[in-house]
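Dear colleague,

I am passing on the structure below, and the notes after it set out what was found. Please read them with the model open beside you.

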Amino acid sequence: MITREEDVDIHALARQGWTITAIARHVGRDRKTVRDYLNGKREPGVRQRAEDPFAPFVAYVTARLVEDPHLWAITLFDELRALGFGSSYQTLTRQIRARNLRPICADCGRATERANAVIPHPAGEETQWDWLDLPDPPDAWGWGSMAHLLVGSLAHSGRWRGYLSASMDQPHLVEGLDRICRGLGGVTQRWRFDRMATVCHPGSGRVTATFAGVAKHYSVMVKICPPRAGHRKGVVEKVNHTAAQRWWRTLADDLTVEQAQADCDRFATLRGDTRLRRSHSGERKLTVATVAAREPLRPVPPIPYPLRLTETRVVSRQALVAYRGNQYSVPPELTNTTVTLTQTVGARLVDIATTAGIVVARHRLEPDGAGVQVRDHTHVTALNTLAIKAAAAARGPHRRKERIPPGEAARAAAALLRGDQPTSITSSTVIDLASYERAAHGRNTLT
């Protein structure tokens, strides 16, 4: 594009007899550009636009997004590539935004814009429960790529506590329920869950037979959220967001599981219980801890519901098994093997069994994270005996500059490679005394 002043100069110089090459050199433009303006093919001040490569695909993109407003752009890109679209994925997304081709989903708009009733939460009535997935736990935990946090929150006051676990099976769920209820200070009238398989049948929402016994033990009613109604337990959902972003996101890598559990309890007490909540009268604000202290909670049963927790561990070279921040001994014959630890929820004993199910040790549990080594004297004696025998039977490790020449087997193999005649190797030299007798025959003296 050239300006109108340049267009005037081009026409004036052409009338003066200048060649197109001279005019182009004078105004600093291409010869084809000068020729187009002289012939009237282009208008000064108006930029010539290239053909829009996206124009042929606008109708298809519009139709697909009207049919499915949530269609991924990468899926649409795959469809367009089959239709001859040669531009990049970034060009597609830029054109969709610039042309405003993606409509607003009317169905989803009604779901978020519809009027919502205020759900009352009387004091002491409901506890909301949910599992929170925590990605990338520390490698030292041995939990793989995902840890889990069971969160329980009082719906009225908002007080919450958490329970770290490597598994979401029913025994760990029940242990977490009992631990959190004791941390909250009591049991409410009912528990609310989403459709987790360890509580109910996901299709029908009916409570399973195994969890019905748990509910009876704690004397609570079980309420299951309707399908696609996550707002029904919005209190615990908000706690999940807070725990993931403010606690788990900044957790240090060098913490053990027990230290992380203690840090979660500290965070819930220090940050969660000190939040301010407006009173029902709206006149003043109270802390969550103050509101929770006024809730009429029933006491937790003195004994947890008896379910059996099962976890697997690898025995160390010292015949010790790490479990919940402590170490427990096993017979030394099981070093470097996998064993199964079984504990009844609430009991203070742990059984250690082989993969075949044979119980080889039973220990009294120490407090989690105490760092105690619990060793049976028979295991210690057997380990010491085995270690002494192994040390006596084996030579010491090779020194870095130790001289080890080729042995007899190596020398014999080398002789075969060289083509030498094999020689017999005897363990001792045999001396024939007959030769001495013949040499001394007829001699009367020894000199």
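A crossing of two helices is called left-handed if the near helix is turned anticlockwise from the far one by less than a right angle, and right-handed if clockwise. Helices (H or I, at least four residues) and strands (E, at least two) are DSSP runs, numbered from the N terminus. This is a predicted model, in which local features need pLDDT of at least 70 and side-chain atom pairs count only at pLDDT 80 or more, while totals for chains, interfaces and linings use all residues. Residues are numbered from 1 along each chain as its sequence is written, and side-chain values use heavy atoms, with hydrogens and water left out.

In the crossing of H4 and H5, H4 passes H5 in the right-handed sense. Helix H4 (residues 58-67) packs on helix H5 (residues 73-82) at an angle of about 140°, with the axes 11 Å apart; axes are lines fitted to C-alpha atoms, for helices over the stretch in contact, and angles run from 0 to 180 degrees between N-to-C directions. That angle makes H4 oblique to H5, given that angles under 35 degrees count as roughly parallel, over 145 as roughly antiparallel, 65 to 115 as roughly perpendicular and the rest as oblique. Tyr60, Val61, Arg64 and Leu65 of H4 meet Leu76, Glu79 and Leu80 of H5, where contact means heavy atoms within 4.5 Å.

The second pair is H1 and H3. Helix H1 (residues 4-15) and helix H3 (residues 31-38) pack at about 85°, their axes 10 Å apart, which makes H1 roughly perpendicular to H3. On the H1 side the contact is made by Asp7, Ile10, His11 and Ala14, and on the H3 side by Val34, Tyr37 and Leu38.

Helix H2 (residues 20-27) has Ile23, Ala24 and Val27 buried, whereas Arg25 and His26, on the other side of H2, are exposed; buried means under 20% relative accessible area, exposed over 50%, and partly exposed in between (1.4 Å probe, protein chains only). Seen down the axis of H2, the buried residues fall within an arc of 100°, so they line one face of the helix, the arc being that of the directions from the helix axis to the C-beta atoms. These buried residues of H2 pack against H1 and H3. After H2 comes Gly28, with a positive phi near 75°.

For the protein as a whole, there are 15 helices and 14 strands, and 36% of the 447 residues count as buried.

Best regards
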